[in-house]
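Please look over the sequence and the structure below before reading on. The briefing goes through the chain topic by topic.

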Amino acid sequence: MGLIAKKLTIFSFLAVLAAMITGCSSHTFVLGESLILPTEELSSYTGQEKVVIVDTRTAEEYAAGHVDGAVNIPTEEIVINVPVKNMLTSKKKIEKVMGGSGIGNDTLVLAYDANKMGASRLLWSLFMYGHQNVKVIDGGFDAIQKSGIALNTDVPEPKPAVFTAKEPTRNWLAKMDDVRKQVEKPDSHVILLDVRTLEEFAEKGKVPGSVIIPYETNFFSDGTFKTTQITRINYLEDKINPEDEIIVYCQTSMRAAPVFVQLYEAGYRNIRVYDGAYLEWSSNSDNPVEMPAGGAAPVKKNAS
C-alpha cells in the first residue's frame with residue numbers, strides 16, 4: 001500500500017472514530033478516580049504506608065513467586081458456596097480476612113490475579129462492604145512478569161489491622177427476585193447483561209431477554225482492559241447506555257466482576273452483579289430459560 005493510500009486509510013479510521021466519540025458525548029458518563037492501575041505504576045506503591053498489594057491467585061501459585069511484599073488472599077477466601085457456588089462471603093469473614101492481611105479501612109488495596117477475574121472479584125466484594133479504596137492491576141501476573149517487577153517467595157507477616165465492614169449494599173448487588181421482575185415485567189431501561197460465551201448460551205440457554213456480550217470482549221489480546229473510549233463505543237453500539245440499570249451475570253458471578261470493573265471505569269454507575277448468577281437461575285425449575293432458535297431446552301434441577 002502506498003503512502004497516500006495509507007494516509008487515506010488512517011484518515012478514514014479517525015473520521016469513523018470521531019463520529020463514534022461524538023455519539024458518546026450525548027450520554028452522561030461519570031468521571032472519577034480510576035479503578036485500574038497500569039502495571040508500570042505498581043513499583044511506585046511498593047513499601048508505601050497504608051498500601052497493601054494482594055495476590056489473589058492460589059496458595060500454590062503465590063508460593064512459587066509473587067510481587068515483593070504482596071499478601072495472599074485466594075478467591076476461595078472471599079466466597080462461599082451456599083446456596084450456589086461463588087457467592088459473596090459474610091461480613092464477619094471479610095473483616096477477618098482483610099484485617100488478618102493488614103488491611104484496615106484506610107488502606108489502599110492493589111490486587112492482581114492470573115485469570116482476569118480474581119482481582120476484580122476482590123474489588124467488587126470490597127465495594128459491597130463499603131471499601132472503595134481498591135484498584136485492579138492491569139494485565140495481572142502476566143503483565144507483572146513481563147514488566148520486570150521483582151518477584152520473590154518470601155511470605156510477609158502483615159501487622160494485623162482493624163477492618164470494619166459496612167452492611168452489604170444493594171447498590172452493586174442484584175438478587176434472583178430482581179432478575180425475575182425484569183423477566184416478567186420488562187423495563188426498557190434495565191439491561192440483563194449475560195457475559196458468558198455464545199457456546200454456553202447454545203448449551204444452557206440464558207435468562208429471557210438478556211443481551212450477550214462475552215466478558216473476554218472487554219480485554220485486549222494481552223489480557224489488559226480495553227480503553228475507556230473503546231468500552232463506551234462498544235457498549236453504546238449494543239444500546240447499553242450509562243443511564244440504564246445494568247444487571248450483569250455469568251455462570252457463577254466470577255466473570256461478571258471484571259465487567260463490573262470495566263463498566264465502572266468507563267463511567268457507568270448503575271451496575272449490579274447478580275451474585276447467584278445463571279447457576280442459581282437455571283437450577284430453579286420456576287424460572288424460564290430462553291434457548292437459541294431450534295435449541296433443545298436443558299434439563300433443569302430444583303435448587304432446593
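A residue is called buried if its relative accessible area is under 20%, exposed if over 50%, and partly exposed in between, using a 1.4 Å probe and protein chains only. F141, with a relative accessible area of 8%, is therefore buried. This is a predicted model, in which local features need pLDDT of at least 70 and side-chain atom pairs count only at pLDDT 80 or more, while totals for chains, interfaces and linings use all residues. Residues are numbered from 1 along each chain as its sequence is written, and side-chain values use heavy atoms, with hydrogens and water left out.

**The chain as a whole**

- The chain has ten helices and 14 strands; helices (H or I, at least four residues) and strands (E, at least two) are DSSP runs, numbered from the N terminus.
- Of its 304 residues, 50% count as buried.
- A contact means heavy atoms within 4.5 Å. Among contacts between residues at least 6 apart in sequence, 73% join residues at least 24 apart.

**F141 and its surroundings**

- F141 is placed in helix 5, which covers residues 140-147.
- Leaving aside neighbours within four places in sequence, F141 is in contact with R57, G65, H66, Y112, D113, A114 and L151.
- One of these, H66, is 75 residues from F141 in sequence, yet their C-alpha atoms are 8.4 Å apart in space.

**Nonpolar cores**

- A nonpolar core is a set of buried Ala, Val, Leu, Ile, Met, Phe, Trp, Tyr and Cys residues joined through side-chain atoms within 4.5 Å.
- The largest core has 55 residues, and V54, M98, L193, V248, F260, L263 and Y268 have the most contacts inside it.
- Helix 4 (residues 118-128) gives this core its largest share, seven residues.
- Another core, of 14 residues, lies apart from it; I53, V67, A70 and F141 are among its members.
- Not counting residues up to four places away in sequence, V248 touches L193, V195, A256, V259, L263, I271, R272, V273 and Y274.

- In helix 3 (residues 91-100), the buried residues are I94, V97, M98 and G99, and they pack against helix 4.
- Which residues of helix 6 (residues 176-184) are buried? They are M176, V179, Q182 and V183.
- These residues lie on the same side of helix 6 because they cover an arc of only 125° around the axis; the arc is that of the directions from the helix axis to the C-beta atoms.
- D177, K181 and E184, on the other side of helix 6, are exposed.
- The cover over the buried residues of helix 6 includes strand 11 (190-194), strand 13 (245-249), strand 14 (271-274) and helix 10 (277-283).

**Aromatic rings**

- A pair of aromatic rings is described by the distance of the centres and the angle of the planes.
- Rings of Phe, Tyr and Trp (its six-membered ring) pair if their centres lie within 6.5 Å; planes under 30 degrees apart count as stacked, over 60 as edge-to-face and the rest as tilted.
- The structure holds twelve aromatic pairs. In one of them, F29 and Y268 have ring centres 5.5 Å apart and planes at 75°, so the pair is edge-to-face.
- F29 lies in the loop between helix 1 (3-24) and strand 1 (36-37), and Y268 in the loop between helix 9 (256-265) and strand 14, so this pair ties together parts that are 239 residues apart in sequence.
- F29 counts as buried at 12% relative accessibility, and Y268 counts as buried at 1%.
- F219 and F225 form a tilted pair, at 4.9 Å centre to centre and 35° between the planes.
- F219, at 6% relative accessibility, is buried, and F225 is buried at 7%.
- F127, W172, F260 and Y264 are linked into a cluster by ring pairs.

**Charges over rings**

- A charge sits over a ring if NZ of Lys or CZ of Arg is within 6 Å of the ring centre and within 35 degrees of the ring normal.
- The charged end of R269 sits over the ring of Y264, 3.6 Å from its centre.
- The charged end of K206 sits over the ring of F201, 5.2 Å from its centre.
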